[in-house]
Amino acid sequence: MFSRIKSMGVSGVGGYMVAVEVYISNGLPGFEIVGLPDAAVKEARERVRAAIKNNGYRFPVSRMTVNLAPADKKKAGTVYDLPILIGILSAAGDIEKPGEDCAFIGELSLTGELRPVAGALPMAIAAMRRGVKRLFVPADNADEAAFAQEISVFPVENVEQLIRHLRGEISIPPAKQPEPERFCPGMPDFSDVKGQENVKRAFEIAAAGGHNILIVGPPGAGKSMMAKRLPTILPDMSREEMIQSTEIHSVAGLTSREHPIVSLRPFRAPHHTVSAIGLSGGGSTPRPGEISLAHNGVLFLDELPEFRGDALEVLRQPLEDGEVTVSRVSGTVTFPSRFMLVCAMNPCKCGWYGHPSGRCRCSERDIRRYHSRISGPLLDRIDIIVEVPALDFEELKRRAPAESSGEIKKRVDAARSIQRQRYQDDGSMCNAHIGSRELRDFCALSPECEELMHDAFDAMGLSARSYDRILRVARTIADLEGERDIGVSHIAEAIQYRTYDFRENNT
């Protein structure tokens, strides 16, 4: 007796088709699962056995072999519990074999209840592309899987409900596509920030062009406060971006029935004790790290010099390529990692270097050692560096509300709209990601601008990468002002955001 049931698996952040083949034959009773299963898949034997018996069916007292094809690809997780159960019941003749357009995923409890699994959306998208029309998933995963569109997703609460549906006794209504949330009540707002107009301007430019930014200032100046408000001025996510981010969060097990879709830009703020693998991703079965969870959003590194050196150096390639490749013995996986890097640090270890109160007691050697924790190549990949001064009493006692996030976001959206129209044929969505050809075509400089850039290049000892990043920032400033060409004032402001000289502070 033989049965083949379609199921799905996850590799990286993408899904793939898995055929669950069940063969029941004469011989000594046994239950084997083959096809490179991990420990969680092998344990499905006991969950499936108990679920079948607890739902009133006879578990076959025969030799039973379950093959998960393709057999050369490692299978992980509890996603195959449900298709194995359906395969056994159909091979034993207890139910009719489901149609070829059906696929099943889900973890079983011992009583036959279905529990959610990780990776529902990427598996649903892969199923749709492979011609599956009906996908049966745990009820907690249904809204997430339904976001794939063009496939009917059936939320299943338990085995009894599913079997009655397959027999035609009842009908499970397919899940409806969830409506993405565009606003979360209680989100912080830039109107709460007092003073710091120059820093707010830098954040507006960073948001408008997708630029990486480093803010330097003493404790209590508002660095973390402003960084946490950055997502409120970023453009709304497109459907494609929602799918990309949800796939990553789903594989990491961070989606839920209450929040099935990532519809607001991610904001990840790992502690400075995070390891290199925690940032880049990895493990025996590679999982996405913080830089991938921040895809299409913000990665905030507070107290930047306190992070481990090897962890910071992991950021260099993803900042350039927008993806990170994790290689392990079990295989190589590439995770998307296009994020805005926002960093905050004190000017010295005690935090008060250069403060008017003169309370800093750090020696020159201490300051040099503190700054040396950040490598030059990493700093070279940061577009905007801005100092955050300490607030004086007059600014703190001011009661008038500052400009709100909504007002800033209108200008950011207008600038991003210009960039989308400009790069619609090139695939670049914002100025921070444009290549050399776009720089040549859209960042041409007048003789006056070239002279200013030449002077800055020589005086500041800029690298070729720094030169390009200044051009990208200047292009964003011009877009915010609605200007077609980059002017001298745009170049001058962009250069200003790279004048924080770590070498000067190290002497």
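Guide: Before we start, please keep in mind that this is a predicted model. Let us begin with the strands: β5, residues 102-104, and β8 pair in the parallel sense over three bridges.

Visitor: What makes β5 and β8 a pair?

Guide: Two strands pair if there are at least two bridges between them. β5 and β8 have three bridges, so they meet that cut-off. In one of these contacts, R134 of β8 is the bridge partner of C102.

Visitor: Which strand is joined to β8 by five bridges?

Guide: That is β9, residues 152-156, and the two run parallel. There, P138 has V156 of β9 as its bridge partner.

Visitor: Why is β8 called mostly covered?

Guide: Strand β8 spans residues 134-138, and four of its five residues are buried. Buried here means under 20% relative accessible area.

Visitor: What is the strand order in the open sheet, and which strands are its edges?

Guide: Five strands form that sheet, in the order β11-β14-β17-β10-β18, with parallel pairing. The edge strands are β11 (267-268) and β18 (384-387), as each pairs on one side only. Within the sheet, β10 (residues 213-216) and β17 (residues 340-345) are linked by four bridges in the parallel sense. I213 has V342 of β17 as its bridge partner.

Visitor: How many disulfides does the structure hold?

Guide: It holds zero disulfides. Take C360: the nearest cysteine sulfur, that of C350, is 3.7 Å away. A disulfide needs the two sulfur atoms within 2.5 Å, so C360 is in no disulfide. For C430, the nearest cysteine sulfur belongs to C443 and is 13 Å away, and C430 is in no disulfide either.

Visitor: Why do C360 and C430 count as buried?

Guide: The cut-off is under 20% relative accessible area. C360 has 19% relative accessibility, so it counts as buried. C430 has 4% relative accessibility, and therefore counts as buried too.

How values were computed. Residues are numbered from 1 along each chain as its sequence is written. This is a predicted model: local features need pLDDT of at least 70, side-chain atom pairs count only at pLDDT 80 or more; totals for chains, interfaces and linings use all residues. Side-chain values use heavy atoms; hydrogens and water are left out. Buried means under 20% relative accessible area, exposed over 50%, partly exposed in between (1.4 Å probe, protein chains only).
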